[in-house]
Amino acid sequence: MSRNEKLQEYFNFSQTDLNANQQGRVTEDQRTRIKAKVQRYNNRVLIVLGIVLVIGFISNFAIRIAAASDQFSSLFSSLPMGAVGPIFAAFIMVIFLIFRTQKKNEQSLLKAEGTVNFVWVERRVSNQDRTGYKTVKSLQMHVGGVSFSVNENLMDIINQGDNVRFYYTSGGDIVSAESINKP
């Protein structure tokens, strides 16, 4: 299997898609795949949002029951204070989804061409219990002044220093690629 065929399989595009991309167009199949990817991500965020809201409201209910027998019950009876945090979190997540969806659904076609440079990037991320930090490594591919976060499996297809042309949307999704020979 040639490198271009492997790229075609890896990025899930057809020769028709590549021909359209070479002419500066995104095909309908590519648009559909991008929208489905964005929708899957948004669904995951909405599930997390639902879990946060349920936990917040259950906590609020438990606090109200505990406070009902206490002399400070009037303090908790006006506004459900336990609901303020989850409602605020929901508001922030909805705003995030709106902006992210608009950015990812922007599908004007861009091109990056040149020598491939793979770089491992390390970030410090706080632990779940917030007692310290851990180092997380991710792979980035730099081509023609553009960086892409990629999976390590791509290094089995493209080698460091290869000349490759990538077609990607302004939302950052690579829609096709082709190996180009050095002159």
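Helices and strands are taken here as DSSP runs, numbered from the N terminus. The model is predicted.

Asparagine 12 sits in a loop that joins helix 1 (3–11) to helix 2 (15–22). Its backbone stands out. Asparagine 12 is not a glycine, yet its phi is positive, at about 60°. Most residues other than glycine have a negative phi. The relative accessible area of asparagine 12 is 46%. Asparagine 12 is therefore partly exposed, since that class falls between the buried limit of 20% and the exposed limit of 50%.

The largest nonpolar core contains 27 residues. Met141, Leu154, Ile158 and Phe166 have the most contacts inside it. At least two residues each come from helix 1, helix 3 (28–68), strand 1 (109–115), strand 3 (133–143), strand 4 (146–150), strand 5 (163–169) and strand 6 (174–179). Strand 5 contributes the most, with four residues. For isoleucine 158, neighbours within four places in sequence are set aside. The remaining contacts of isoleucine 158 are Leu7, Val116, Phe118, Val164 and Phe166.

Isoleucine 98 has a relative accessibility of 42%, so it counts as partly exposed.

Technical notes:
Residues are numbered from 1 along each chain as its sequence is written. This is a predicted model: local features need pLDDT of at least 70, side-chain atom pairs count only at pLDDT 80 or more; totals for chains, interfaces and linings use all residues. Side-chain values use heavy atoms; hydrogens and water are left out. Buried means under 20% relative accessible area, exposed over 50%, partly exposed in between (1.4 Å probe, protein chains only). A nonpolar core is a set of buried Ala, Val, Leu, Ile, Met, Phe, Trp, Tyr and Cys residues joined through side-chain atoms within 4.5 Å. Contact means heavy atoms within 4.5 Å.
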